[in-house]
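Let's take a walk through this structure together. Have a look at it first, and then we'll go piece by piece.

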Amino acid sequence: MTRAERFTRSIPDLIGGPLPSFSFEFFPPKDDASEAQLWDAIRRLEKVAPSFVSITYGAGGGTRDRTVRLTQRVLEETSLTPMAHLTCVGHSVGELRSVVGAYAAGGVRNILALRGDPQGGLGQPWVAHPQGLDHADELVRLVKGLGDFTVGVAAFPDGHPESRDISEDAETLIRKEQAGAEFAITQMVFDVDHYLRLRDELTRRGSRLPVVPAIMPITNARQVVRMAELAGQPMPAAVTDRLERHGDDAAAVRAEGMAIASESSRRLLDEGAPGIHFITMNRSSATLEVFGNL
């Protein structure tokens, strides 16, 4: 596929196709060794022809320049269709316009628009930049008004940390849809029933927003538990119990983690999820293993 063809590929079209979409998420590397590991993973995962890949945006916009460069490099040097993350955190509207302009100049047309976590982390009050935006739906409108972009948003099957209940989560997603969002990608899904509950609530309210569940293959139980806690979504006991029964047997924990991810992914697809978005942690082997199981 040529660069020009990937320039015009719409992620909503890829998600809405007759077959499930499979996509991978990477984060910008912090040093040369991490960058080598990342590109090894990208090249290995490229061979299975994912629908698209996404590049995350660090807390407070801390990886902004690396995110822009990596997204552009993926477009220039691989056969992959990249989607760039963008958050409101710590940015004025002028700065956000500049980032979107940099994406456009590099040929990137797919953006995941996020409010982002408070700069002090979850549990701290959200404070918008004095010249910035306060909500993700405002960022969606900004991006849509700056050019021919397809815009996705985040969904929270376990509930957003600042949300009262699933009704409020659904209302928030619908506001993003009304602002121009064309798809959503969830936080890590560990409880498939929670994903189905949110999807069905959206459908009941008349939403047509496709919601792609994100799966993170578990290779290190402590790391994933910590990540889930930082995201405000503690892992369910049904998952932690399966991991803890293996104690310090790293190989057994990894095998159980692969089984959990494979089972969850298969059930999600059987229940009609439009695809699976794999959080790779910039490594390929675990993701390829689960992908192969599907």
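Two strands count as paired if DSSP finds at least two bridges between them, and helices (H or I, at least four residues) and strands (E, at least two) are DSSP runs numbered from the N terminus. What you're looking at is a predicted model, where local features need pLDDT of at least 70 and side-chain atom pairs count only at pLDDT 80 or more, while totals for chains, interfaces and linings use all residues. Residues are numbered from 1 along each chain as its sequence is written, and side-chain values use heavy atoms, with hydrogens and water left out.

Start with the barrel: eight strands close it in the order β1-β2-β3-β4-β5-β6-β7-β8, with parallel pairing. From one strand to the next, the twist averages 30 degrees. Zoom in on β5 (residues 150–155) and β6 (residues 183–188), and you'll find four bridges joining these parallel strands. Valine 153, for one, has alanine 184 in β6 as its bridge partner.

Now for a pair of helices. The axes of α3 (residues 32–46) and α4 (residues 64–77) come within 13 Å and cross at roughly 40 degrees. Axes here are lines fitted to C-alpha atoms, for helices over the stretch in contact, and angles run from 0 to 180 degrees between N-to-C directions. So α3 is oblique to α4, given that angles under 35 degrees count as roughly parallel, over 145 as roughly antiparallel, 65 to 115 as roughly perpendicular and the rest as oblique.
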